[in-house]
Amino acid sequence: MVTQAQALQWAKNSIGRSYDFDNSYDGVQCFDLVNQYSHDLFRISFTGTYAKDLMQTGNVGGFKVIPNSPGFYPQPGDIFVYNYGSAGHTGIVTGNINTTGFDGIDQNGNNKNDATTHRRFNYNGFAGVVRPPFTVSLPQDIGVQELFKISSSSIKTRGWHISSKVKPGLFSFIFIMDANTDKELLRIPIQRSNRPDVLNAYPSMPLANTSGFDVNFLIPANMKGKKIRIVSRYSLTKDGNNIVSDYNYPVSKTIPTFRTVADQNTF
């Protein structure tokens, strides 16, 4: 009986360690790390010569191979698999998952038998994951901001936000936050949009099919020149104050102070 929390603790404890699971002549390899992980927590190991073989051999002991597809994102505790080069690469997802990549741990990442390292990974050559059979998952708040655009008069943002804590009947909001002071500048009630791609990627998450947002609003005068970021919220109440789940998108942008023609003529 293994939880995601236990898996992530194992990953944290492994940073700086070296694993040579098969005691082979080529020393510590990325495949050794994930075999040590699966053996220590689930008492199984994977077959195959190279890391990329996990996409064919990973369906064992309750583990599930999930190929990469449009709209798919890994989850904490997943074994990630890349298919680049002759061998590919593998490691363990730890979090901070968004459209650009995810955080994780790997071993031999520089092909120098280097020890387990925590770092950032992108989706170039990303083949998919091998998902462990966790018994209890962490309460999850996952979101992706697909668009964040500021024009001379408006702001447009699009993305999605899922949470294991949501249920039907909640109220949804987009918050505009001052990125420097963390104070609320504006809150916008929204209707969630359909996202079948998110449901396909996270079929066990409640309301994943209606987790989207697509918001376009005029810039208030008092927000010009401010550095802002976006927060998506599910709330129990229609005023948005009773929080069920917040997702803080990491990207921040500064709203330009656009000069008018009259302003320009003063120079």
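Contact here means heavy atoms within 4.5 Å. The views below come from a predicted model.

Figure 1. Ser-38 belongs to helix H2, which covers residues 30-42. Its relative accessibility is 0%, so Ser-38 counts as buried. With neighbours within four places in sequence left aside, Ser-38 touches Arg-43, Ile-44, Ser-45, Phe-46 and Phe-63.

Figure 2. The 13 residues of H2 should span 18 Å at 1.5 Å a residue, and the C-alpha atoms at its ends are 18 Å apart, which agrees. H2 is mostly covered, with 10 of its 13 residues buried. Among them are Cys-30, Asp-32, Asn-35, Gln-36 and Tyr-37. The buried residues of the helix pack against H1, H3, S2, strand S3 (89-98) and strand S4 (101-106). Arg-43, which follows H2, has a positive phi near 60°.

**Figure 3. The largest nonpolar core.** In soluble globular proteins, nonpolar side chains tend to be buried together. The largest such core in this model has 23 residues, and Phe-46, Leu-54, Ile-79 and Val-130 have the most contacts inside it. At least two of its residues come from each of helix H1 (4-14), H2, helix H3 (54-57), strand S2 (79-82) and strand S6 (126-131). H2 gives the largest share, 5 residues.

**Figure 4. Strand S2 and its two partners.** Ile-79 and Val-81 point one way from S2, Phe-80 and Tyr-82 point the other way, and all are buried. S2 and S3 run antiparallel and are joined by 4 bridges. One of the residues concerned is Tyr-82, whose bridge partner in S3 is His-89. The two strands form a hairpin with 6 residues between them, and in the turn Gly-85 has a positive phi of about 65°. S2 is also joined to S6 by 4 bridges, and these strands run antiparallel. Here Phe-80 has Val-129 of S6 as its bridge partner.

**Figure 5. Aromatic pairs.** A pair of aromatic rings is described by the distance of the centres and the angle of the planes. The model has 20 aromatic pairs. In one of them, Trp-10 and Tyr-19, the ring centres are 5.5 Å apart and the planes are at 20°, so the pair is stacked. Both Trp-10 and Tyr-19 are buried. Tyr-73 and Tyr-123 form an edge-to-face pair, with 6.2 Å from centre to centre and 70° between the planes. This pair links distant parts of the chain, 50 residues apart: Tyr-73 is in the loop between strand S1 (64-67) and S2, and Tyr-123 is in the loop between strand S5 (117-121) and S6. Tyr-73 has 10% relative accessibility and therefore counts as buried. Ring pairs join Tyr-73 and Tyr-123 into a cluster that also includes Phe-80, Tyr-82, Tyr-84, Phe-102, Phe-121, Phe-126 and Trp-160.

**Figure 6. Two arginines over aromatic rings.** The charged end of Arg-192 sits over the ring of Tyr-234, at 4.2 Å from the ring centre. Arg-233 lies over the face of Phe-175, and the distance to the centre of that ring is 4.2 Å.

Note on methods: Residues numbered from 1 in each chain as written. Predicted model: local features only at pLDDT ≥ 70, side-chain atom pairs only at ≥ 80, totals over all residues. Heavy atoms only, no water. Buried < 20%, exposed > 50% of the residue type's maximum accessible area, 1.4 Å probe, protein only. Core = buried A, V, L, I, M, F, W, Y, C linked by side-chain atoms within 4.5 Å. Phe/Tyr/Trp six-rings, centres within 6.5 Å; stacked < 30°, edge-to-face > 60°. Lys NZ or Arg CZ within 6 Å of the ring centre and 35° of its normal. Expected span 1.5 Å × (residues − 1). Pairing = 2+ DSSP bridges.
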